[in-house]
Amino acid sequence: MTKNEKIVAFGEIMLRLTPPDYTTIAQAKNFIACHGGGEANVLASLSHLGHHTSYLSKLPNNQLGDMAIKHLKGHGVDTEFIVKGAESSNIGMYFVETGFGGRPSKVLYNRKHSSITTIKTSEIDLDEIFSGATWFHLSGITLALGDNVRAVAMACLEYCKEHNITVSFDFNYRSKLWNSISEAKPYFQQVIPYVNILFANEFDMQQILEIHTEEDGSDIEKTRVSLAKTLFETTDIHYIFGTNRVVHTATDNSMSSYCICKNLDYKTEAPIRFPIYDRVGAGDAFAAGVIHALIKDYEHPEYALKFGLSTAVLAHTLYGDVATVSESDVEAFIQTNGNAAIQR
């Protein structure tokens, strides 16, 4: 990793409102405010891991936009390329009900007509944004935000393809943001030819990418590998990463992780069981950990596998959407928990 490297991401940063003390929205008298959003979380976490990160987005030209930018800058993210617009005074918002015991956590979105939905390709300069960049990250959540947003996302992907910039894509399919899977399918399928590192599971590959396998589905791991091998045959994807989660209670989970590549596949030796302080953003922490480790050692994905999982587990111990952990924090956790990956 060098100081000249830059990781760029495009997406929406939102205002998060959480009722305190495990209360529900209906019970709430007040809310704790912070910020989050898939790509923003990934960049902020990568910044804490020592990378130069730059965020492309659009925010309202008011105090709400200023507050979001302050959050990003506080985590070391470059906000130079965030467009400030007057077309909409809204910032995307989401409410989080923190689960406890047998009651699961819930997320309620309020992000229609937010400022990012008005972004236009004419408002951005791709040469400036990607100057010095070696990596671009995008998620499926951003694809759900409308035609304007999708046009910018595709422009970024095409630029990266032309300039040999590595692209990572996290499926992050959210049914609450789409009318149906059928609506989402063509947009996800349009993105896949530009992707090098994919965060996905068997549902994503089978139901959204419409990949077929001779496996009967009784063995999830075999099905996942079979689907991935088919995807490798027709794309430039090098690695597919993902996690398996077991929910014992809302505050007690176990996680393991996997990586599939063209010739080999890996999985973590055993699930890690851990208590949860705040679950939101753990998937983004996994992505950040994987990206960080691949930048350090692209040829050994098993290192990225255990580093990503450890970053995700640590993220559960922190309030807010960002994994504010350093590389040494994660390495110490790996050593303590013996989280080694095995080759299958």
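This is a predicted model: local features need pLDDT of at least 70, side-chain atom pairs count only at pLDDT 80 or more; totals for chains, interfaces and linings use all residues.

User: What makes β3 and β7 the edges of the open sheet?

Analyst: The sheet is open and has four strands in the order β3-β2-β6-β7, with mixed pairing. Strands β3 (32-36) and β7 (106-110) each have a single partner strand, so one side of each is left without a neighbour in the sheet. From one strand to the next the twist averages 25°.

User: Why are β12 and β13 called a pair, and what joins them?

Analyst: The need is again for at least two bridges, and three bridges join β12 (residues 252-261) to β13 (residues 265-268), so the two antiparallel strands count as a pair. C259 stands opposite Y266 in β13, and a hairpin of three residues leads from β12 to β13.

User: How do α9 and α10 pack, and which residues make the contact?

Analyst: Helix α9 (residues 282-296) and helix α10 (residues 301-315) pack at an angle of about 145°, their axes being 7 Å apart, and α9 passes α10 in a right-handed crossing. Contact means heavy atoms within 4.5 Å, and the residues that make it include F286, V290 and L294 of α9 together with Y303, F307 and L309 of α10. By class, this contact of α9 with α10 has 14 nonpolar, four polar and one charged residues.

User: What lines the second largest pocket, and how is its lining divided by class?

Analyst: A residue belongs to the lining if it has an atom within 4 Å of a pocket point, and 15 residues line the second largest pocket, with K112, A144, K176, L177 and W178 lying nearest its centre. The lining of this pocket has five nonpolar, five polar and five charged residues, and the space in the pocket is about 400 Å³.

Notes: Residues are numbered from 1 along each chain as its sequence is written. Side-chain values use heavy atoms; hydrogens and water are left out. Axes are lines fitted to C-alpha atoms, for helices over the stretch in contact, and angles run from 0 to 180 degrees between N-to-C directions. A crossing is left-handed if the near helix is turned anticlockwise from the far one by less than a right angle, and right-handed if clockwise. Ala, Val, Leu, Ile, Met, Phe, Trp, Tyr, Cys and Pro count as nonpolar, Asp, Glu, Lys and Arg as charged, and the others, Gly among them, as polar. On a 1 Å grid over the protein atoms alone, a cavity is a set of points where a 1.4 Å probe fits but cannot get out, and a pocket is an open set with protein on both sides within 12 Å along at least five of seven lines; lining residues have an atom within 4 Å of a point. Grid points are joined across faces, edges and corners, and a volume is the space filled by probe spheres set on the points.
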